[in-house]
Amino acid sequence: MKAGKDPTRSRKGAEEGARAFAALVSRRRHRVFLWVAGAVGLLSAASAGFLVWEVRAVQSNLAAAQVTTDRLQTEMARHRQPSAEVLGDIRKHTAAARSAAGTPVWSVAEYLPLMGPPLRSARGLSVAADEMATGVLPKTVRLHQLLASGQIVHQGRVDLRRLSAATDLLGNVHRRLTGIETSLNGLPGSTVVGRLDTERQRLSDRVARLSGSVSEAKATMRLLMPLLGASEPRSYFLAFQNNAEARGTGGLVGTFGILTADRGRITLHDFASDDTLPRTTTPVANFGPEFDRRYGAAESTQGLANSNLSAHFPYAAQIWAGLWQRHTGQRLDGAIATDPVGLARVLKATGPVRLPDGKHLTADNTVEFTESTLYASYSNTARKRFLVQVAQSVATALLGSHHDSAALLHALRQNADDGRLRVWSRDASTESALEEAELAGDVPERTGPFAYLVVNNSAGNKMDYYLRRSLTYELGRCEGGTRSSVVRIKLTNAAPATGLPALVALRSDDPLRSHLPGSTSIWLSLYASSGARFTSGTLDGRRLLLSSTEERGHPVLGTQVELLPGQTREVDIRLLEPASDRAPVVPLQPLAWPQTTKVSIQPCVK
């Protein structure tokens, strides 16, 4: 997600809007107006006195607006409906500040040496404050009210009319923010008051970020309309990925169902475990020779178990849809994937779910329960059957209860941002929009610095619940059109040495040989920068040769890594990359525990 980039950003966007306004009128900035008062000697005594009064009026009104804005933020954070009185007070004070900075005396003083630039900048900030108060904040509050009402997602239906209204509000806010951003960028870039310059730039940057976030929210909100069957029913393969057994897109598909959306009405049905969808004797998808060279031996396009070895989600999604169509004859419109971490976030918004055995699945216990505890309590067959019941229980609770729409949408946005919510659409235009909204989970065909660590479980066990990962990407100085870089990868097996259930710790990759309990084996892949060349590698300081293939324009370097319980191993990969001044991109594979990432770069000098 750069996220990503959306109704799921809307509540956050509303709060950011209030924070940006608060920053605009912060008291620190108003101290600079006192400097103006000391420079009015260039005017006549009467005019100087009047200007000092105006400066003080701007300062006091913006300070008062700050106090009221703090109150507004508190009310919104507590899900209280902001009163008209609060908005009225803010508008009253910003209007007074704008008026004080717009008098003839102030306008004349703006053309004087030294005084002119800071006065123009101060007036511009007052205008921006008033534009935020009159044009942005009311729409932001309305959006907050719309989402907090709990009526956008309710009783198994997404209210498309309210969704459309929220989209229109986002569009209005974006247009106004764009105008404010343009005005701020037109103010003097440098005045004799350093603090004023700093605060103007800081505010401009904040407004730009907020504008970008609102733009993404608007685009994704519009995207939801066709996905939710606004014009015709849509059906999707819904995959629950088990991060305890790592796959390229996150985890093994252990449980799945079908999601149908018809004019906002959502139904979840046909829940089943992975062993109910049979392998096929021939491929259900064709992605070309490059894919076959890399994944053909694993028969990735013929069964669920190895369907998502690639990190490129659209490949896996098309295989899932193909397997379902081969099995049932139904042609699906797309696919959706999530995992236990994503489910935990949803439960944080909806509240606990009662399970068939009387226990409760909560935001705090979901990941450990589904990826660890169940293996000690059930046989493999019983566990799969129970997980299907868990999926059904969650679906019933999610679609049949009254929830805080804003909290639920925020949880979904978080999942989209870190890869725990992925969507593929058979419709090309919708898929393109999903890519722009960073929901598609694609491996981008791009140039520039790129380092994507992907692991696949090779042991056939469930040990990746205990896997910890860190990646350091060090980009050297550009010389002669290239740069030397190193990617340092650390993998830690945090499993206990004893007490693991047999199903968790088994070694189906090598069943005839004895292995230390808790050991595991993974296949490590690094998707490197397009055009990069491997120069050398080490494993724990010893020379290492890596396999080299290509996928979606990226060289993919791979090796097998054995991990004993408690062991940390380091793989260093040195590369010669094409020189580029583009920002590095380091995607994150969604597993049970997040990857620790650090990037250092020496800029390319032209």
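This is a predicted model: local features need pLDDT of at least 70, side-chain atom pairs count only at pLDDT 80 or more; totals for chains, interfaces and linings use all residues.
**Stop 1: helix α14, arginine 383**

Select residues 380–400, which make up helix α14. Arginine 383 sits in this helix. What is the nearest side chain of opposite charge to arginine 383? It is aspartate 274, 6.6 Å away. Arginine 383 is buried and has no salt bridge. The cut-off for a salt bridge is 4 Å.

Now show the side chain of tyrosine 375. The side chain of arginine 383 makes a polar contact with it, at 3.4 Å. Setting aside residues up to four places away in sequence, arginine 383 touches Asn242, Leu374, Tyr375, Tyr378 and Leu503.

**Stop 2: helix α14, leucine 399**

Stay in helix α14 and pick leucine 399. Leucine 399 is buried, with a relative accessible area of 18%.

**Stop 3: salt bridges**

The structure holds 21 salt bridges. Three of them are worth a click.

Start with glutamate 245 and arginine 247. Their side chains meet in a salt bridge, 3.1 Å from N to O.

Move to arginine 345 and aspartate 418. They form a salt bridge with the closest N and O atoms 2.8 Å apart. This pair links distant parts of the chain, 73 residues apart. Arginine 345 is in helix α12 (residues 340–350), while aspartate 418 is in the loop between α15 and β9. Arginine 345 is partly exposed, with a relative accessible area of 22%. Aspartate 418 is partly exposed too, at 24%. Together with Arg345 and Asp418, they are linked in a network of salt bridges.

Then show aspartate 572 and arginine 488. Their salt bridge has its closest N and O atoms 2.8 Å apart. Which elements does this pair link? Aspartate 572 is in strand β18 (residues 568–578), and arginine 488 is in strand β12 (residues 482–493), 84 residues apart. Aspartate 572 is buried at 10% relative accessibility, whereas arginine 488 is partly exposed at 24%.

**Stop 4: the six-stranded sheet**

Keep β18 and β12 displayed. Both belong to an open sheet of six strands. The order is β15-β14-β18-β12-β11-β19, with mixed pairing. Why is one side of β15 and of β19 left without a neighbour in the sheet? These strands stand at the edges and each has a single partner strand, so one side of each has no neighbour there.

Zoom in on the β15 end. Strand β14 (residues 533–539) pairs with β15 in the antiparallel sense over two bridges. Threonine 538 has arginine 543 as its bridge partner in β15.

**Stop 5: the disulfide**

Go to β11 and select cysteine 478. A disulfide joins cysteine 478 to cysteine 604, with an S to S distance of 1.7 Å. The pair links distant parts of the chain, 126 residues apart. Cysteine 478 is in strand β11 (residues 467–479), and cysteine 604 is in the segment after β19 (596–601). Cysteine 478 is buried at 17% relative accessibility. Cysteine 604 is partly exposed, at 22%. The disulfide count for the structure is one.

**Stop 6: strand β17**

Finish with residues 554–563, strand β17. Why is β17 described as largely enclosed by the rest of the structure? Eight of its 10 residues are buried.

Show strand β13 (residues 520–528) beside it. β13 and β17 pair in the antiparallel sense over eight bridges. Tryptophan 523 has glutamine 560 of β17 as its bridge partner.

β16 and β17 pair in the antiparallel sense over five bridges. Glutamate 550 is bridged to proline 555 in β17. β16 and β17 form a hairpin with two residues between them. Select arginine 552 in the turn; its phi is positive, about 50°.

Key: Residues are numbered from 1 along each chain as its sequence is written. Side-chain values use heavy atoms; hydrogens and water are left out. Helices (H or I, at least four residues) and strands (E, at least two) are DSSP runs, numbered from the N terminus. Buried means under 20% relative accessible area, exposed over 50%, partly exposed in between (1.4 Å probe, protein chains only). Lys and Arg count as positive and Asp and Glu as negative; His and the chain ends are not counted. A polar contact is a pair of N or O atoms within 3.5 Å; within protein, one must be able to donate a hydrogen and the other to accept it, and residues adjacent in sequence count only if both atoms are side-chain atoms. Contact means heavy atoms within 4.5 Å. A disulfide is a pair of cysteine sulfur atoms within 2.5 Å. Two strands pair if DSSP finds at least two bridges between them.
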